Amino acid sequence: MRYYLKKTFCVEFTMVAALLLPAMFAVPVRAEIKLPPDADECVRWAAEDVRAALQAAKVEPENADIDVIIAPAAKSGIEAQSFTIERTGTAVAIKAGGAGGAMYGLQELAEQISNEGKRGTWSRVAHDIKPTTQQPFVEIRADNMFIHVYPLELNNLEMWRAYIDMLARNRFNLLDLHGAYDLRSTSFPNLYPMLVHVPDYPNIGNEQKQAANLASFKAIIAYAKSRGVKVAFMNYSANDGKGGAEKNAPSITGVPPEKLADYTSKAVTLLIHELPDLYMLGFRVGESGQDAAFYKNAYIKGVTDAGRTDLRLYTRSWQTTKDQLEPIAQVARAGFDIEIKYNGEQLGLPYQAMQGSNFGSYSYQGYLDVPADYQIIWQVRANGTHRFWAWENTEFIRRTVRTFTLGNARGFTLEPPNAYFSTDPADYYRSTEDKAVYQYMWQKYWMWYYAWGRLSFNPELPEENLVHAYEYHYGNAGRKVYETVQHASKIVPLVYAYRFVGPDQRDFSPETETGNALGKRKKNVSALLQFMDNHPMDERSFAGIGTFVDDQLASRPDGRIGPDIVAAKLHEVAAATRELAASVPALKGTASSEWRLLKPDLLSASWLGDYYANRIQGLTYFDYALKTGRETEYKTALDLLDKSEQSWKKLGETADAIY
C-alpha cells in the first residue's frame, strides 16, 4: 500500500520536519486494480468481473490492491495463456505472459473472492487469496458450434455475444464454427455464396444479403477477440451441400463443376481479406468428392492470393485418407490441423475406445504416426449421445481431457448439446413458464460448459470449484444438486458404451430410443434377440450378453465387465439419482425455475438407467434359457423385461410432461 503525507499544516514546514511528523499524520492512498496502460480489451473485461466480485463481498474496488503485470514469455518465462497469482500481505499481483493469461488470472481471482465468502474489508478478502500458478493443459480448447441457416444464425449477434462471454469465462479459447447446417433437411449448404460477392460470378448469391451476412461474421470475430477467443470457420460443402460424392452434381450455387475451384479460390481470397482476425479456415474433404488437387487450387491458392501467411488451415479426417490429406498439409504455409473423431459421433467412454479397421474414419486410423506435417485436434462428437438432458460428470470429464494429448495433438473441439439443434427454448418446452426460464437453450447446459472448459484448462481443478458453481445457481441446495447430477450423468454414457448400436449419431439416440434397432451384424433376427447379440463399444473392456453367457456356461474365466456388473451399476446410480433429487430442499426465484427444468432431466436419466438395467438382465436370462432350455431363466427373463417396459413408461411420463 502506498502512503503519502497528509498536508494539513502550513506550507512553510520543511521537508525534514515533515518527515519527522508522527505516523498518525500518514494515511494510505486508495489502491485499485492496476492494469497495464495498453491492456487488451479482454483484460479490462475480466477486471470488471473482479470489481463485481469485490462489490458482492462489500469491498469497494478502489480499496483493493491488485496489480496485473503482463510480460512476454521471453522476459517473464510465462506462456501467453498462463498466469501466476502472488500475495504479499494484502498486495495481490497477477503475472501473465500475455493478454489471455492475464484475463484467466483475473477470472481466477474473481472466482476465489466469490467462493471464499470473506466480506467487509479488502484485508479480510486478501488474507485468503490462494497463490497459484496455472497453465493450460492443452493449447486448443474449442467449442464446436454449427452455423444454422434459414434464417442464417450468424445474424443473431445478441446470442453470439452472450455465447462468447460464456465460453471465455469457462476458458474456452476457440469458437470452431462448422457448417452451414440446415436443420430442416439435415444438409450442409455451401456458405460462400451467402457471405461473399465474387465479381467474376455476379449471379452467385444476393450481393446485399452477402454484405449484411459478412458484416455479422466480422462482428462476431471482433467480439470474440475482445474476449480472448479466436474463431475458426470450416465450410463443409464444396458444391451442392447435400453430402456424399458431389463432384459432378448440379450445383445449387450455379457454378459449373469445371469452374468450382476457381470460384472457391476467389471466394476464399475475398472472405479472408475481409476477416483479417480469422484464426483458422477449414474445408471438408471426405464427402466433397474432390481430390487433393482441388483443395490446392481452391483453398491454398485462395489463401496465397490473399497474402495471409498467418492463417492456419484445417479439415476433418472423416471419409478421407491420410495419403490424400498429407499433400495439402505439406503446402499449408501457416500449419495444418486435422480434426479426428474422438469416438465416432457419440460420447460413451472417456478414452479413445474405437480402434481398428472396423471403425474406419470414425476413429484415428494411422493419423497418430509422427513425424507429420499436420497436427491433430480431437473432435469430440458428443451431440449424438447428449441431445436434450443436462449432463455433467466431473470424473468422466477429468479422465477424458487427459487423453487430449494423445498423438501429435494441439487439443480438442467439443460438440455441444445444441450443435445441431435450435437455441430457442420454445422449440423444446410445452409450457409458457418453462419457455421463459432461459433466453437461449444452451444456458440450461451451463454446467457442461463450465466443467469441460475449466477441467481442460486445469484437470486438477478442485471439485469444490464445481460445487461453488452449483451453489451460485442453486444457493444452499447447490451441493445436493451437484451430487444428483453426478449420479444421473453416469447413466447415458454407460448405456451407449454397452448397448452399442453404431458409431454414427444417426445410429442411436441413447436418451430417446429403446436400443432395439436391428444392427448390421444380424439382419434376420428379431430386435429382441439382436439386443442379446450386442457388441459393446470397447470389447477389450466389456463382454456382450451372448459372449458373457457362453463363457459362463463353458466355465471360461473372463475379466471383462459383463452385463451383470453393467446392470447393477445402472440400478445403483438410478436409485441414488431419485433419492438425491427428492432430498433437494425447496428453492425460490430463479434457482427454483432452473431446478424445475433440471430435475426432469435427471429423473428421466434414472428411469432410462432402470430400463436398460432390467432389459440387459432380462435378456441375459433369456439367453441362458435359449441355450439351456431351463424354464426358470425364461420366467425370470419375462419378469425383468416387464420391469424394463414399466421403467420406459415412467421415462416417457417424466419427459413428456415438460418437453
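This report walks through a predicted model, from its helices and sheet to its pockets and cavities.

## About the model

The model is predicted, so local features need pLDDT of at least 70 and side-chain atom pairs count only at pLDDT 80 or more, while totals for chains, interfaces and linings use all residues. Residues are numbered from 1 along each chain as its sequence is written, and side-chain values use heavy atoms, with hydrogens and water left out.

Helices (H or I, at least four residues) and strands (E, at least two) are DSSP runs, numbered from the N terminus. Helix H12 spans residues 394-401. Six of its eight residues are buried (under 20% relative accessible area, with exposed over 50% and partly exposed in between, for a 1.4 Å probe and protein chains only). They are Thr394, Phe396, Ile397, Arg398, Thr400 and Val401. These residues pack against helices H14 (446-457), H15 (463-474), H16 (478-488) and H17 (491-498). Contact means heavy atoms within 4.5 Å.

H16 has buried residues too, among them Val481, Tyr482 and Val485. Their cover includes H12, H15 and H17. Helix H20 (563-583) and helix H21 (589-628) also belong to that cover.

## An open sheet

Five strands form an open sheet with mixed pairing. Their order is S3-S4-S6-S5-S7. Two strands pair if DSSP finds at least two bridges between them. The edge strands, S3 (33-34) and S7 (132-134), each pair on one side only. Strand S5 (residues 83-88) pairs with S7 in the antiparallel sense, over three bridges. There, phenylalanine 83 stands opposite glutamine 134.

## The largest pocket

Rolling a probe the size of a water molecule over the atoms shows where empty space is left. The search uses a 1 Å grid over the protein atoms alone. A cavity is a set of points where a 1.4 Å probe fits but cannot get out. A pocket is an open set with protein on both sides within 12 Å along at least five of seven lines. Lining residues have an atom within 4 Å of a point. Grid points are joined across faces, edges and corners, and a volume is the space filled by probe spheres set on the points.

The largest pocket has a volume of about 1100 Å³. Of its 29 lining residues, the closest to the centre are Arg169, Asn170, Tyr450, Tyr472 and His473. H15 gives the largest share of the lining, six residues. By class, the lining has 13 nonpolar, eight polar and eight charged residues. Ala, Val, Leu, Ile, Met, Phe, Trp, Tyr, Cys and Pro count as nonpolar, Asp, Glu, Lys and Arg as charged, and the others, Gly among them, as polar.

## Histidine 473

Histidine 473 lies in helix H15. It counts as buried because its relative accessible area is 18%. Its side chain makes a polar contact with the side chain of glutamate 594, at 2.9 Å. A polar contact is a pair of N or O atoms within 3.5 Å; within protein, one must be able to donate a hydrogen and the other to accept it, and residues adjacent in sequence count only if both atoms are side-chain atoms. Leaving aside neighbours within four places in sequence, histidine 473 touches Trp446, Ala591 and Glu594.

Helix H10 (residues 292-306) gives the largest share of its lining, three residues. The second largest cavity has a volume of about 50 Å³. Its lining has six nonpolar, four polar and one charged residues.
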